[in-house]
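Visitor: Could you take me through some side-chain surroundings and ring pairs, one step at a time?

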Amino acid sequence: MKKFLSLILAVMLCLSFGATAFAAEYAETGNESIDEIVQDKTDSIATDGQFGSQENGTVSPLTYTNTYFWKHKNVSKGTQTEGGWNLLYSGAPASADGEIDAISASVSYTHTFSGSFATGIKRTVELELGYSFGHSVSHSISRSSRALKKGEYVKGYYKKTYEVTEIDQTQYVIRRGWKNSQYFEQTYATGQTKTATAKKSILPKIKLEYYGGSRARSADKLIREEYYDFIDGEYVLVSEKEF
């Protein structure tokens, strides 16, 4: 009887070692041949297991190993601005009616994100979106004013603008094992989730302010504002205000 129990325990240990070794090998190599679900954005793998316990001289017929992984999807959220208006350019008063002031400048700000990533997903998302968080991007801005009257001048401002993507992350587990001598495999969500928001630095929104009144700038008055968005390769006037 003791020899028989020893044989059963040896078989159970072999099965448990094999299942654990299999999961560990998958975690190290990233082998994507396990099944279709694991192939779909399998970013982080961890394993644990529970094996039969000896009670009243018998061995429980349940043996399984859990393999955890994260799946994610990227959801576009359009564009958004951040912070206030930053002075970009301040021109000189026009010396005659009809002059046009050309604004040309460069600004830099970085790709960034907020929220949290599960292990391994951050780099995957960077590859999918085509940019790296923390990388600074230089943007060249060019825009001409409307025709100025004598004594008028223009100031240019920019506001940081980002293309926003939400990354929704869900943890899953694959449970593989044996119960009552039957092999089983189940995949289901664990209920663990994470969310991150990626922000890609793009050409900023700009504002032009027109001033006039006298050559003494302290006495000049704001007479007009123009707002521009970068659309289809050029800055387009989207709103304006007269004072």
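Guide: Contact here means heavy atoms within 4.5 Å, and the model under discussion is a predicted one.

Visitor: Which residues does Lys 159 touch, not counting residues up to four places away in sequence?
Guide: Lys 159 belongs to strand β8, which spans residues 153–179. Leaving aside residues up to four places away in sequence, the contacts of Lys 159 are Thr 81, Glu 82, Gly 83, Gly 84, Trp 85, Pro 204 and Lys 205.

Visitor: Which side chain of opposite charge is nearest to Lys 159, and how many Å away is it?
Guide: Lys 159 is buried yet has no salt bridge. A salt bridge would need a side-chain nitrogen of Lys or Arg within 4 Å of a carboxyl oxygen of Asp or Glu. For Lys 159, the nearest side chain of opposite charge is Asp 229, at 9.7 Å.

Visitor: Are the rings of Tyr 153 and Tyr 211 stacked or edge-to-face?
Guide: The count of aromatic pairs comes to 10. For Tyr 153 and Tyr 211, the ring centres are 5.5 Å apart and the planes meet at 15°. Planes under 30 degrees apart meet the criterion, so the pair of Tyr 153 and Tyr 211 is stacked.

Visitor: How many residues apart in sequence are the parts that this pair ties together?
Guide: Tyr 153 lies in strand β8, whereas Tyr 211 lies in strand β9, residues 182–212. The pair therefore ties together parts whose separation in sequence is 58 residues.

Visitor: Over which ring does the charged end of Arg 146 sit?
Guide: The charged end of Lys 207 sits over the ring of Tyr 157, 5.0 Å from its centre. For Arg 146, the charged end lies 4.5 Å from the centre of the ring it sits over, that of Tyr 210.

Notes:
Residues are numbered from 1 along each chain as its sequence is written. This is a predicted model: local features need pLDDT of at least 70, side-chain atom pairs count only at pLDDT 80 or more; totals for chains, interfaces and linings use all residues. Side-chain values use heavy atoms; hydrogens and water are left out. Helices (H or I, at least four residues) and strands (E, at least two) are DSSP runs, numbered from the N terminus. Buried means under 20% relative accessible area, exposed over 50%, partly exposed in between (1.4 Å probe, protein chains only). Lys and Arg count as positive and Asp and Glu as negative; His and the chain ends are not counted. Rings of Phe, Tyr and Trp (its six-membered ring) pair if their centres lie within 6.5 Å; planes under 30 degrees apart count as stacked, over 60 as edge-to-face and the rest as tilted. A charge sits over a ring if NZ of Lys or CZ of Arg is within 6 Å of the ring centre and within 35 degrees of the ring normal.
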